[in-house]
Amino acid sequence: MFSRRTLVAVLAPVKHLRCLSKQSAVGEQKVTSLLGKDYKVDSWTNTTPSILEKVGTNLHTQKDHPLCLLNERIKTFFYKSFTKRGNPIFSVYDNESPVVTLKQNFDNLLVEENHPSRNQADSYYLNSEYMLRAHTTAHQREFIRAGLNSFLISGDVYRRDTIDKSHYPVFHQVDGVKLFSKTELFGDHVSKPDLLELFGDTELSPHNQAGHTVEAALTVQTHLKNTLEDLASALFGKDIKTRWVDAYFPFTHPSWELEIWYQDDWLEVLGCGVMQQQILNECGADSKVGWAFGMGMERLAMKLYNIPDIRLFWNKDPRFLDQFKSDDPDKPITFQPFSTHPPCHNDISFWVPTGFQENDFYDIVRSCGGNIVEQVELIDVYNYTKLQKTSHCYRVIYRHPSRALQSEEVDEITKLIKAEAETRLNVTLR
Ligand code: DAH
């Protein structure tokens, strides 16, 4: 989220899909009810019923679900580090509410005011104060403030995005944090830890934050990279080839992405870095330094288990779930596809109004078509210069995960999408 998107100017306010949300009126005020709480609807609200419906499903903790198997493997890897007294170093949290404040998701993590991820077009907002978290990193600060030094947080995250076999507006992430005091960082590595310091009069450089000594920054970096390379080997096999790519995240410096060579391609596995000291200082951990990482679970599980389409994770069909029944999460599983039903498609063309946001259209497609929609492709953009008008043509590809589709039912959905796009987005159909 934070590394791949280029910084663009904040876009014009989007037309909200407010009427599609799961809302009711309490007195005069419209509210969205979610996980036992009411959130006032305001001009920021852009959640849709099909998104709200997913909240609380927690695929990552459902027994025999591939995401749960992967979550277990990651936990087992971190449980292997013990204190000298034999207690596991990392504690694990996988039940934090995905409803967070904008402050938790952005400000607490030093995300810039004009960062594109704050756009209404990119995230799901309940209102101007609350949102569905866009990353599990949103919880780091409160855990550090509570005094934790080493922890993992896994859970569902929500982002507005394109529609294809590897993107879904809800997916799962694991974040990990490890903090070190001076002796914890240097004690194991050198004979005279007292000669080394965490903090000094240093300037910001590509290798360290201002105020971090070069030896502290390098030792944290080495610990982080060794740990995550070991994690990659534990998940993908001990001979896995890895490489580190410089990255940018507002909450770490320096920052990297880890890639592995897998099935003839480099696969991005996670983002990580040395935690911004400002965050630690503001949480009362000013005598420590630390590292953090975050990884998306679906993309890894798709590779590990050979799952060809991200929608399958939401499939309740026993022909999918039964393949992941396992007493041993480390036992390799290769998913055998059970549906080879052919796709069918419909094209939708319209003149786009000013301020049109593609993600608004994708939300309508998801709301009307649900998991039957496999992909939406923008196949043609036509600029009618004389009238200064632009037309988009989208191909909506439908495929049911477990049965053949009738063309009539697909046509009905297309009709509904067109009607919704006309009334809610103000497009003119062609
Ligand atoms: N939150 C980032 C994302 O969603 C991933 C990430 C990067 C998490 C670096 C971290 C971190 O905790 O230190 O793209």
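Trainee: Let's start with helix 2. How many of its 14 residues are buried?

Mentor: Eleven is the count to remember: 11 of the 14 are buried, so helix 2 is mostly covered. Buried means under 20% relative accessible area, exposed means over 50%, and partly exposed is in between, using a 1.4 Å probe and protein chains only. Helices here are DSSP runs of H or I with at least four residues, strands are runs of E with at least two, and both are numbered from the N terminus. Among the buried residues of helix 2 are Pro66, Leu67, Phe77 and Phe78.

Trainee: What kind of model am I looking at, and how are residues numbered?

Mentor: This is a predicted model, with residues numbered from 1 along each chain as its sequence is written. Local features need pLDDT of at least 70 and side-chain atom pairs pLDDT 80 or more, while totals for chains, interfaces and linings use all residues; side-chain values use heavy atoms, leaving out hydrogens and water.

Trainee: Okay, back to helix 2. What should its 14 residues span?

Mentor: You take 1.5 Å times one less than the number of residues. For helix 2 (residues 66-79) that gives 20 Å, and the end C-alpha atoms are 20 Å apart, so the two agree.

Trainee: Now the ligand. Which residues come nearest?

Mentor: A residue is near a molecule if one of its heavy atoms lies within 4 Å of it. Here 16 residues are around the ligand, and His135, Thr137, Gln140, Arg159 and Asp175 come nearest.

Trainee: Which polar side-chain atom lies 2.7 Å from an oxygen atom of the ligand?

Mentor: For a polar contact, look for a pair of N or O atoms within 3.5 Å; within protein, one must be able to donate a hydrogen and the other to accept it, and residues adjacent in sequence count only if both atoms are side-chain atoms. The 2.7 Å case belongs to aspartate 175. Arginine 159 has a polar side-chain atom 2.9 Å from a ligand oxygen, and for glutamine 173 the distance from a side-chain N or O atom is 3.1 Å. Taken alone, the ligand exposes 360 Å², and the protein buries 96% of that. Those areas come from the Shrake-Rupley method with a 1.4 Å probe.

Trainee: Which elements give two or more residues to the shell around the ligand?

Mentor: Strand 8 (170-180), strand 11 (265-275) and strand 12 (289-296) do. Strand 12 gives the largest share, 3 residues.

Trainee: How many disulfides does the structure hold?

Mentor: A disulfide is a pair of cysteine sulfur atoms within 2.5 Å, and the structure holds 0. Take cysteine 272: the nearest cysteine sulfur, that of cysteine 283, is 20 Å away. Cysteine 272 is buried because its relative accessible area is 3%.

Trainee: Is glutamine 388 buried or exposed?

Mentor: Exposed, because its relative accessibility is 75%. Leucine 35, at 47%, counts as partly exposed.

Trainee: Which peptide bond is cis?

Mentor: Look from histidine 253 to proline 254: that bond is cis, with omega near -10 degrees. Proline 254 is found in strand 10 (residues 252-262).
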